[in-house]
Amino acid sequence: MGRRSPAGTGASVSASVRDHVNTLRARLIASARFNRWARRLPVLRGIARRNGQDVFDLMSGFVYSQVLSACVELDLLAAVAEAPRAVDDLAAATGVSPARMETLCNAAAALEILTLRQGGRYGLGRLGAPVLSVPGLAVMIRHHALLFRDLADPVALLRGETDTELAAFWPYVGGGKSPDAPTAAAYSDVMAASQALVAEETLRALDLRGIRSVMDLGGGDGSFLIRLAQRWPDCDLRLFDLPEVAARAAQRFEREGVAATAIGGSFDDAALPKGAEAITLVRVLYDHDDDRVERILALAFEALAPGGKIVISEPMAGGRHPSRAGDAYFGFYTMAMTTGRPRSVEAHMEMLKSAGFTGLRASQGTWPFVTSVVTAIKSDI
């Protein structure tokens with residue numbers, strides 16, 4: 001019989017071969033001579049064209065996002081929602097010259113935000129319609145002006161040389177200090193806008209049958225608990241957030257007739273309110289650095305009732321398979337916040353295990369770029 005290879009040797013050789021092949025392929029594509037040759041061959045011409053277009057789109061992405069931002073700021077989408085309108089009408093309504101309005105409309109049509117109809121009129125496009133129909137999406141698009149300014153010099157941001165606007169916007173950055181009322185209002189509005197789709201995706205992946213009490217940590221203005229109450233009306237609901245934010249949540253609960261309690265406090269407190277059978281962390285942990293996440297999970301473990309469930313719902317990094325949403329977008333967003341980072345499902349599970357949780361499960365849901373869900377149990381043994 002032949003000598004058996006040491007365990008793992010085959011896998012490491014295979015990985016080495018793949019790395020070598022991928023390196024050679026990258027060098028080939030980077031060769032100007034190869035690209036000139038590829039563009040002459042029908043078989044390779046399409047590949048070369050797609051690669052070139054993809055690079056151009058990467059370079060132009062900021063311009064595309066600003067076209068969308070201009071459409072939202074000028075309320076063009078609402079203006080054409082009922083019926084297509086001519087450039088002159090849109091120009092007169094917005095104070096933009098007809099020539100520049102035509103440039104904007106054609107740009108938006110190229111991006112499928114608008115669509116060019118007969119007679120040179122413009123209507124709502126395939127990608128413009130969700131901006132009107134998805135709750136809070138327009139608020140999030142406007143919010144991104146802060147991020148774009150923070151990314152004006154990406155190298156300075158990477159080196160930690162930028163005094164970012166996002167760090168000043170989010171009240172828990174820099175030690176969990178309670179914000180003043182105007183800051184809390186802006187923060188809560190963006191939280192509410194971002195929570196609509198997240199709540200829908202989270203609740204689709206979540207089973208709370210048999211659970212009688214839920215505490216939402218870092219729950220903002222209560223958007224998630226309000227939707228949870230609609231799905232599970234018999235649950236005793238509590239929200240925990242910074243005092244000024246919790247006060248706004250309490251007002252909203254009263255205004256909308258939701259039987260939920262808002263509790264003001266900080267993750268720096270010695271303990272959380274105890275006894276909940278489920279604790280939810282919806283778009284919370286990726287805003288914090290590892291040591292703070294470990295503290296939050298430890299506090300949650302202590303606060304949960306025996307046999308209780310913890311739910312983490314947020315956009316997650318791809319781990320060994322980096323994703324555009326988790327690693328590119330949220331990676332740089334949290335960098336601009338100067339705190340936190342997106343973590344992979346596996347990283348969340350390791351931190352949960354370290355905190356004492358068992359029974360770990362994960363669900364990517366329908367739209368992983370919106371959120372993924374990881375759950376675990378506080379064993380009652």
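Residues are numbered from 1 along each chain as its sequence is written, and side-chain values use heavy atoms, without hydrogens or water. Because the model is predicted, local features need pLDDT of at least 70 and side-chain atom pairs count only at pLDDT 80 or more, while totals for chains, interfaces and linings use all residues.

**Exercise 1.** State how confident the prediction is, and where pLDDT stays under 50.

*Solution.* Begin with the whole chain: its mean pLDDT (the predictor's confidence in each residue, from 0 to 100) is 86, and 82% of the residues reach 70 or more. Where pLDDT is low, the predicted coordinates should not be read in detail.

**Exercise 2.** Work out the strand order of the sheet of 7 strands and identify its edges.

*Solution.* Strands (E, at least two residues) and helices (H or I, at least four) are DSSP runs numbered from the N terminus, and two strands pair if DSSP finds at least two bridges between them. The order is S6-S5-S4-S7-S8-S10-S9, in an open sheet with mixed pairing. Strand S6 (260-264) and strand S9 (358-363) each have a single partner strand, so one side of each lacks a neighbour in the sheet. Within this sheet, S4 (residues 213-217) pairs in the parallel sense with S5 (residues 236-241) over 5 bridges, and aspartate 216 has leucine 239 in S5 as its bridge partner. Helix H13 (residues 243-256) lies across S5 and S6, at about 165° to S6; such angles run from 0 to 180 degrees between N-to-C directions, with axes fitted to C-alpha atoms, for helices over the stretch in contact.

**Exercise 3.** Classify the residues that line the second largest pocket.

*Solution.* By class, the lining has 8 nonpolar residues (Ala, Val, Leu, Ile, Met, Phe, Trp, Tyr, Cys and Pro), 2 charged residues (Asp, Glu, Lys and Arg) and 7 polar residues (the others, Gly among them).

Note on methods:
Contact means heavy atoms within 4.5 Å.
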